[in-house]
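Let's read a structure together, one feature at a time. Have the sequence and the model open as we go.

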Amino acid sequence: MTRKDRTEGIYSRREVLDESERKQYYAIQLKELLTYAYRYSEDVKKRFDRAQFNVDKFKTLNDLKHIPILKKKELIFLQSMGPRLGGLLTKDLGELRRVFLSPGPIFDPEDRGEDYWGWTEGFYSAGFRTGDLAQVTFNYHLTPAGLMFEEPLRNLGCSVVPAGPGNTNTQLEILQKLRVTGYVGTPSYLMHLAQKAEEAGLNLRKDLYLEVAFVTGEKFSEKMRILLEKKFDLIMRQGYGTADVGCIGYECFHTTGLHIANRSFVEICHPDTGIPLKDGEVGEIVVTAFNKTYPLIRLATGDLGYIDRSPCPCGRTSPRLGGIVGRVDTTTRIKGMFVYPHQVEQVMARFEEIKRWQIEVTNPGGIDEMVLYVETSNFKREDEMLHDFRQQIKLRPDLKIVAPGTLPPQIRPIEDKRKWD
Ligand SMILES: [Zn+2]
């Protein structure tokens, strides 16, 4: 059987809008959403009024920042505030298609419209094509994942084995007997399937027929991608989204980051103030999906990322999230500034003389002190490095140069030794 071409093609015209068309598209979508939400969502009305945000004055994308961000954690409380999920919904629960319950616990409404969760363009981008038989290994009970990922497959003309999680031996049998071509699930479960199949003496390339995998829900390393792609001889791409809003971004064949879905407007903001940051700066991913039923305007996801607007060889013009680099609540804050290990790494990588590094934070007398340990010999570019560090991290560390081999073998990039009593 010849394989399908999974590397080319674009699902929707919206994915290739030029810059001015895209800005205009976002502005129109947002204006419509804000106007509708203000009128029909009690919660949105309250929120806008409290912030003295006047929908009629929304003219450009810049005006969005005047609406306070909505932290995901607030949803639990807000949803308990009365009918229609505390006024967050613009219609009654009985008018919806489904209501799920995610850990938190947060209710996730699903309306009856076409492509409600918005993953179809992402599945096409990942390489799913008409005629695929896909095994969905996400949970179908209470949480939306299983059914959420059936929707794009149906839209693309694929067929689904609603396997759910677990029963690995049965899953392997199905993959083999039905010659399943697509996998949908977490990367770690695909790894688990691979291990079990190999233990059972199966040849992953000859006895199984997987050609494409869509993964999400976990941190997914490049190492794991390369390993699994090679083992199965398949294309493995990831998506990024939440149970509240559905699809936020997805990879294309070229793995240049996550193309932002055309159904939403994404900002990268300072986690405390909600003020949008510049392209390339790391901050909280704040998403406004163009969803009139459940208008979560400026939902702060708690995930950290940055925007990359460089062109992508696939031809899609949507900006990209350059990976999800961490979570807001597990990030170290030093002297009131967020310090992200990967940003420090970016600076250190410019100096090949630096073998390893570690930041140690203490707070003698209640004031943060930051020491940057650098393992190197003959380092002559201290000033340049400190300058770059300050540019990137906005803080000045005490630098301690130590001989190679001084730092313990296993180290955390940021060792937080502060005491809080
Ligand atoms: Zn691309």
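**Reading the model, feature by feature**

Just after helix 2, Gln52 takes a positive phi of about 50°.

Q: Before going on, what should I know about the model and its numbering?
A: This is a predicted model, in which local features need pLDDT of at least 70 and side-chain atom pairs count only at pLDDT 80 or more, while totals for chains, interfaces and linings use all residues. Residues are numbered from 1 along each chain as its sequence is written, and side-chain values use heavy atoms, with hydrogens and water left out.

Q: Which residues of helix 2 are buried?
A: Helices (H or I, at least four residues) and strands (E, at least two) are DSSP runs, numbered from the N terminus. Buried means under 20% relative accessible area, exposed over 50%, and partly exposed in between (1.4 Å probe, protein chains only). In helix 2 (residues 42-50), the buried residues are Asp43, Val44, Arg47 and Phe48.

Q: Why do they line one face of the helix?
A: An α-helix has 3.6 residues a turn, so residues three or four places apart point the same way. Viewed down the axis of helix 2, the buried residues fall within an arc of 125° (taken from the directions from the helix axis to the C-beta atoms), so they line one face. Glu42 and Arg50, on the other side of helix 2, are exposed. The buried residues pack against helix 1 (19-40), strand 1 (70-71), helix 3 (74-79) and helix 4 (83-87), where contact means heavy atoms within 4.5 Å.

Q: Is Tyr38 buried, partly exposed or exposed?
A: Tyr38 sits in helix 1 and, at 25% relative accessibility, counts as partly exposed. Leaving out residues up to four places away in sequence, Tyr38 touches Val44, Lys45, Phe48, Asp49 and Val55.

Q: Which residues are buried in helix 7?
A: In helix 7 (residues 168-177) they are Thr168, Gln171, Leu172 and Leu175. Their arc around the axis is only 100°, which puts them on the same side of helix 7. Asn169 and Lys177 are exposed on the face turned away from that buried side. The buried residues of helix 7 pack against strand 4 (133-136) and helix 8 (187-199). Just after helix 7, Arg179 has a positive phi of about 55°.

Q: How many bridges join strand 2 to strand 3?
A: Two strands pair if DSSP finds at least two bridges between them. Here five bridges join strand 2 (residues 98-102) to strand 3, and the two run antiparallel. Val99 has Pro109 in strand 3 as its bridge partner. Three residues lie between the strands of this hairpin, and Gly104 in the turn has a positive phi of about 150°. Four of the five residues of strand 3 (residues 106-110) are buried, so this strand is largely enclosed by the rest of the structure.

Q: Which residues coordinate the zinc ion?
A: Donors are N, O and S atoms within 2.8 Å of the metal (3.2 Å for Na, K and Ca); water is not among the atoms, so sites may look incomplete. The zinc ion is coordinated by Cys252 (SG), His259 (NE2), Cys312 (SG) and Cys314 (SG), at 2.1 to 2.3 Å. In sequence, these donor residues follow the spacing C-x6-H-x52-C-x1-C. Both Cys252 and Cys312 are buried.

Q: Why is the arrangement tetrahedral?
A: Four donors count as tetrahedral if all angles lie between 85 and 135 degrees. The four donor atoms around the zinc ion subtend angles of 103 to 113°, which makes the arrangement tetrahedral.

Terms used: Four donors count as tetrahedral if all angles lie between 85 and 135 degrees; four count as square planar and six as octahedral if opposite donors are over 155 degrees apart and all others between 65 and 115; anything else is irregular.
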